[in-house]
Amino acid sequence: MNREQVLRAIADNQTLEGDLRGIDLSHTDLAGARFWNADLSGADFTQADIGRTGFENCDFTGATFKGVRFEKMDLEGMCFARCDFDGAVFFRCFMSGIDLSGARFVNADIGRCMLDKAVLDKVAFANTKIWKTFLEKASLDEADFSSSALDRVYFEDADFSRIKLRGASMLKVSVRGCKLVKQDYSSMRFSLVRFDRCDLGGTNFENADLSMCSFADANLEEALLQQVRAPHAKFLRAKATKADLREAFLEQSVLSQADLTAADCTKANLRISVLEKAICQHTLFEHADLRFANLIHADVSDASFKGASMYMAQVHGLKDHNTAWHGANDVMLQGHDKDREEAENWQPLIYSE
């Protein structure tokens with residue numbers, strides 16, 4: 001079928017199916033059309049109006065959708081591999097299991113869409129805005145998010161090891177349970193991003209902005225966090241053994257029950273931070289700012305606090321076997337609290353009959 005025959009079939013309320021490869025439907029009004037089991041690979045939909053158009057089990061491999069708006073459409077499981085979405089808009093679309101491998105998004109906008117289990121291998125998102133979109137268990141091998149804006153995007157259990165994020169902005173993004181081993185995110189900005197349960201072993205965050213990010217239960221073993229800015233961040237139960245935290249700004253951050261064994265926190269700002277029950281064996285806190293910090297029940301055995309500022313720090317129940325305190329400022333240090341110990345050890349009376 002050619003262009004005129006397709007438009008005539010649409011006008012006659014016919015369902016279009018079969019071989020429509022390479023057809024030119026650019027700048028046409030396709031509202032109300034129905035495409036079923038159609039092969040539309042290589043078709044040109046540039047600036048076409050596909051509002052209220054029905055597509056079911058169609059193949060769009062290599063098609064062009066420049067400037068096209070997809071709104072409230074069901075595209076589940078369809079193939080859009082190597083398509084051109086320059087300037088395209090996707091809004092409230094259901095795209096579960098969709099194949100977008102090798103597709104190109106430039107100056108596009110993707111909002112409130114479901115892309116769970118989608119195939120996004122080698123997709124290029126250049127200057128694209130992705131917001132309030134769900135990408136759980138999507139395949140992202142070699143996906144390029146460079147220079148894109150990710151706002152409240154939800155990833156989970158995805159492999160980020162070959163994803164390009166350099167130059168992207170991330171606000172309130174969730175990457176829980178994702179694999180980001182040995183990535184280079186130095187000097188990048190992550191605001192309110194959730195890295196909970198992520199594998200970040202050996203990842204480079206040097207000079208990055210991690211303000212109010214969450215790393216609960218994450219693996220940060222041997223991660224590079226030198227001069228990172230992470231006020232109000234959460235590292236609850238994180239494993240950060242041998243991590244480099246020199247000169248890191250961690251004011252008012254939570255590191256409760258974190259494992260900082262052999263980490264280097266030299267000159268780090270941990271003012272008003274919470275390290276309750278943290279494991280800090282062999283950790284370097286030399287010349288660190290720990291004023292008002294909570295170290296209750298922390299284990300700092302064999303650690304070094306040489307030259308550290310400990311003003312008003314709480315050290316009740318601290319385990320400090322063979323710890324080096326030489327030159328530390330312990331003015332107004334809040335030591336062992338007998339009343340707290342009594343409360344912690346209190347047991348209710350048990351009456352036997």
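In which helix does E341 lie? E341 belongs to helix α2, which spans residues 338-344; helices here are DSSP runs of H or I with at least four residues, strands are DSSP runs of E with at least two, and both are numbered from the N terminus. The model is predicted, so that local features need pLDDT of at least 70 and side-chain atom pairs count only at pLDDT 80 or more, whereas totals for chains, interfaces and linings use all residues. Residues are numbered from 1 along each chain as its sequence is written, and side-chain values use heavy atoms, with hydrogens and water left out.

View 1. Patches are made of residues with over 30% relative accessible area and no salt bridge, with like charges joined within 9 Å and nonpolar side chains (Val, Leu, Ile, Met, Phe, Trp, Tyr) within 5 Å. E341 has a relative accessibility of 34% and therefore counts as partly exposed, a class that lies between buried (under 20% relative accessible area) and exposed (over 50%), with a 1.4 Å probe and protein chains only. Asp and Glu count as negative and Lys and Arg as positive, while His and the chain ends are not counted; the place of a charge is taken as NZ of Lys, CZ of Arg, CG of Asp or CD of Glu.

**View 2. A positive surface patch that includes R92.** K72, R92, R112 and K132 form this patch. R92 sits in the loop between β5 (89-91) and β6 (104-106), and its relative accessibility of 42% is why it counts as partly exposed.

View 3. E71 is found in strand β4, residues 69-71, and is partly exposed because its relative accessible area is 35%. When residues up to four places away in sequence are not counted, E71 touches F91 and C93, contact being defined as heavy atoms within 4.5 Å. The C-alpha atoms of E71 and I50 are separated by 8.8 Å, and these two residues are 21 residues apart along the chain. E71 also forms a salt bridge with R69, in which the closest N and O atoms are 2.8 Å apart; a salt bridge is a side-chain nitrogen of Lys or Arg within 4 Å of a carboxyl oxygen of Asp or Glu. R69 counts as partly exposed because its relative accessibility is 42%.

**View 4. Further salt bridges.** By this rule the count comes to 19 salt bridges. One of them pairs D24 with R3, the closest N and O atoms being 3.6 Å apart, and this pair links distant parts of the chain, with D24 in the loop between β1 (15-19) and β2 (34-39) and R3 in helix α1 (residues 3-11), 21 residues apart. In another, R291 and D289 have their closest N and O atoms 2.7 Å apart; R291 is partly exposed at a relative accessible area of 32%, whereas D289 is buried at 14%. D19, R21 and D39 are linked in a salt-bridge network.

**View 5. Positive phi at N207 and Q227.** Most residues other than glycine have a negative phi. N207, although not a glycine, has a positive phi of about 60°, and Q227, also not a glycine, has a positive phi of about 60°. N207 lies in the loop between β14 (190-191) and α2, and Q227 lies in the loop between β14 and α2. N207 is partly exposed with a relative accessible area of 41%, and Q227 counts as partly exposed at 37% relative accessibility.

Key. Accessible areas come from the Shrake-Rupley method with a 1.4 Å probe; for residues, only the protein chains shown count as cover.
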